[in-house]
Amino acid sequence: MSEALPARGAGREPARGRRVRRDGAWPWLFVAPLTLGVAVFYLWPIAQTAWYSLTTFGVFGGTTFTGLGNYAEILGDPTLYRSLVNTLLYTAIVLLNIPIAVCLASLLNLPGLRFAAFYRVLYFLPYVAMPTAVAMVWRIIFNGDFGVLNWALGLVGIEGPYWISTPWASIVAVAVVGLWSSLGFSLIVLSAGLKNVPPELYEAAQLDGASRSRQFRSITVPLLAPSTSFLAVVTVIAGFQLFDLLYAVLGTTNPALPKSLSLVYYFYRAGFVDNDKGVAAATAMVILVLVGLATAVQFRLQRRWVRG
């Protein structure tokens with residue numbers, strides 16, 4: 001009478017289980033500092049802000065639960081929507097730095113270009129400059145009476161507006177400064193991406209008679225898709241955080257300021273000028289949701305853009 005043989009692999013402990021048992025608690029110890037930092041500096045403040053957004057603060061301290069009252073107040077405020085439009089306009093203009101940086105990075109990576117490293121440093125300097133110092137210089141450039149910009153426009157017969165005192169022009173002026181400041185960071189990221197493009201592709205394209213513009217469109221731009229996608233995500237998140245540049249360029253007594261607020265400036269005014277912490281917390285949660293939605297949409301589009 002033959003005895004049934006055990007199935008292959010029966011009685012063996014799965015490899016993953018053996019690995020976990022062998023490693024013990026070491027993997028958890030490695031990730032514990034980062035996990036603790038995320039919990040303390042990100043998750044706990046978010047949870048605390050979410051709670052504060054449902055309350056009002058008393059004059060002498062203490063909180064009172066008001067439910068969704070703060071959200072109803074800010075969603076009924078036209079200034080919030082104007083701030084959202086200003087933020088989106090600023091972000092859209094600053095996003096233009098990506099195609100500009102793609103062109104500049106391609107030029108700086110041309111074979112045989114002299115002083116390429118010096119040019120990269122020159123473009124990167126505005127990114128590391130103090131925002132306040134940058135803002136002071138641009139305030140002089142944008143000055144409506146003796147600024148360099150209006151002087152240059154006057155040479156071609158165009159009368160420039162008072163850039164930082166006109167509501168529609170002020171946010172455009174701040175966006176131009178943001179675009180100029182972020183160009184260096186985009187240039188460095190794209191230059192690193194170009195290093196990963198195999199030179200054999202360009203050599204094969206030259207043998208096929210492809211012009212430089214055709215190589216740029218068919219090789220450089222598609223292979224830089226991961227880098228440009230990363231820059232788009234980072235730029236949009238930074239655009240929704242617009243505050244310091246706007247504060248430094250426009251100042252606090254600018255007559256155009258009430259119509260030139262960004263979402264973060266709206267939050268700042270509610271929390272630190274009007275001293276309404278509940279409304280400020282609700283605004284912060286709205287900004288968090290908008291940034292999350294914008295990032296999710298970008299990651300969704302990235303799957304087609306990068307892989308396509």
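Is Leu110 buried, exposed or partly exposed? Before I answer, please note that the structure above is a predicted model. Leu110 has a relative accessibility of 35%, so it counts as partly exposed, given that this class lies between the cut-offs of 20% and 50%.

As for its setting, Leu110 sits in the loop that joins helix H5, residues 97-108, to H6. Leu110 is also one member of a nonpolar surface patch, whose other members include Leu107, Leu113, Phe115, Phe118 and Tyr119. Together, the residues of this patch have about 1100 Å² of accessible area. The largest contribution to the patch comes from helix H6, residues 116-128, which supplies 8 residues.

Along the chain, Val234 and Ser186 are 48 residues apart, and their C-alpha atoms are separated by 9.9 Å.

With regard to annotation, an unreviewed UniProt entry places the feature "domain: ABC transmembrane type-1" at residues 83-298. In the model, that span is 75% helix and 0% strand, and its end C-alpha atoms lie 22 Å apart.

Finally, let us consider helix H2, residues 26-52. How far apart are its end C-alpha atoms? The separation is 38 Å, which agrees with the 39 Å that its 27 residues should span at 1.5 Å a residue.

Notes: Residues are numbered from 1 along each chain as its sequence is written. This is a predicted model: local features need pLDDT of at least 70, side-chain atom pairs count only at pLDDT 80 or more; totals for chains, interfaces and linings use all residues. Side-chain values use heavy atoms; hydrogens and water are left out. Patches are made of residues with over 30% relative accessible area and no salt bridge: like charges are joined within 9 Å, nonpolar side chains (Val, Leu, Ile, Met, Phe, Trp, Tyr) within 5 Å. Accessible areas come from the Shrake-Rupley method with a 1.4 Å probe; for residues, only the protein chains shown count as cover. A salt bridge is a side-chain nitrogen of Lys or Arg within 4 Å of a carboxyl oxygen of Asp or Glu. Helices (H or I, at least four residues) and strands (E, at least two) are DSSP runs, numbered from the N terminus. Buried means under 20% relative accessible area, exposed over 50%, partly exposed in between (1.4 Å probe, protein chains only). UniProt positions are given in the numbering used here, feature names are shortened, and annotations may be inferred rather than shown by experiment. The expected span of a helix is 1.5 Å times one less than its number of residues.
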